Amino acid sequence: MKKFLKYSSLLLVILAIILSTPELLYKNEGNSKSIGSPGNGQLENPYLMPYSGKNFRYFSPLSYYILDDAYLHSKVNATLLAAYKECEETCEGMKFRVMECANKAGGKMLLHRTHQNGLSVDFMVPKKRGQQQSRWLDWIGLWHYLLEFTDDGKSKIDQKIEIDFETMGRHILALDRAARNNGLKINKVILKIELKDDFYATESGKKLKQKGIYFARSLSDIVNRVHDDHYHIDFEIVQ
């Protein structure tokens with residue numbers, strides 16, 4: 001009897017966890033519908049971004065399982081997965097972090113003015129120490145937003161760690177190609193204004209500039225300051 005009660009209690013705990021975290025059983029199917037704009041919109045039939053893949057991982061279990069911030073449009077989901085697949089070759093050995101996408105039904109999201117219609121995604125900047133990827137700052141979850149980088153891309157915690165602008169550019173190039181294959185285009189990239197010169201000095205940055213991918217040219221002070229640890233991308237449906 002004691003053993004039965006023990007296993008019954010364990011089963012109830014497991015069931016409670018599953019019911020309180022619907023992401024564990026969520027199934028992506030059909031097509032999503034975005035309504036309105038990134039700053040005033042909704043999302044119908046959302047897709048849930050996988051928590052992890054071969055070369056990427058969602059940045060925070062709290063954001064993913066509790067705050068429900070990893071939902072997006074089906075076309076954006078396909079775009080992200082295809083881009084990471086390409087990066088397995090163009091950025092061999094690199095591990096990426098996806099940050100907030102959208103709430104399950106879209107609409108307002110904590111600490112964000114946009115991300116409301118499932119077509120916006122934040123990406124953690126890849127970082128390096130010398131010629132090697134540096135990942136220890138990737139594990140701090142939501143606290144990552146408090147990280148600060150100098151105007152030439154060096155971490156204020158450890159200036160030997162700096163933004164890997166080349167890898168970042170290769171990732172955006174992969175996103176651009178994948179978006180076009182999935183009926184989307186990159187509408188806008190937001191990165192701290194002072195970081196753009198170093199970004200455009202890289203080979204991949206030059207290619208993005210030649211392609212005419214739009215990077216925000218003017219931002220409010222607070223928006224500018226918080227986009228040093230990550231880059232924000234708005235996609236647009238074209239078909």
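Modeller: A crossing is left-handed if the near helix is turned anticlockwise from the far one by less than a right angle, and right-handed if clockwise. This is a predicted model, where local features need pLDDT of at least 70, side-chain atom pairs count only at pLDDT 80 or more, and totals for chains, interfaces and linings use all residues. Residues are numbered from 1 along each chain as its sequence is written, and side-chain values use heavy atoms, without hydrogens and water.

Biologist: What is the handedness of the crossing of helix 3 and helix 4?

Modeller: Right-handed. Helices are DSSP runs (H or I, at least four residues), numbered from the N terminus.

Biologist: Why are helix 3 and helix 4 called oblique to each other?

Modeller: The axes of helix 3 (residues 74–90) and helix 4 (residues 165–181) cross at roughly 135° and come within 8 Å. Axes are lines fitted to C-alpha atoms over the stretch in contact, with angles from 0 to 180 degrees between N-to-C directions. Angles under 35 degrees count as roughly parallel, over 145 as roughly antiparallel, 65 to 115 as roughly perpendicular and the rest as oblique. Helix 3 and helix 4 are therefore oblique.

Biologist: Which residues make the contact?

Modeller: Among them are Ala83 and Cys87 of helix 3 and Ala174 and Ala178 of helix 4; contact means heavy atoms within 4.5 Å.

Biologist: What makes a space a cavity?

Modeller: On a 1 Å grid over the protein atoms alone, a 1.4 Å probe fits at its points but cannot get out. The count is 1 cavity of 30 Å³ or more, and its lining residues (an atom within 4 Å of a point) include Phe96 and Met124.

Definitions and conventions: 1 Å grid on protein atoms, 1.4 Å probe; cavity = no way out; pocket = protein on both sides within 12 Å on 5 of 7 lines; lining within 4 Å. Points joined across faces, edges and corners; volume = space filled by probe spheres on them. Helix = DSSP H or I, 4+ residues; strand = E, 2+ residues; numbered from the N terminus.
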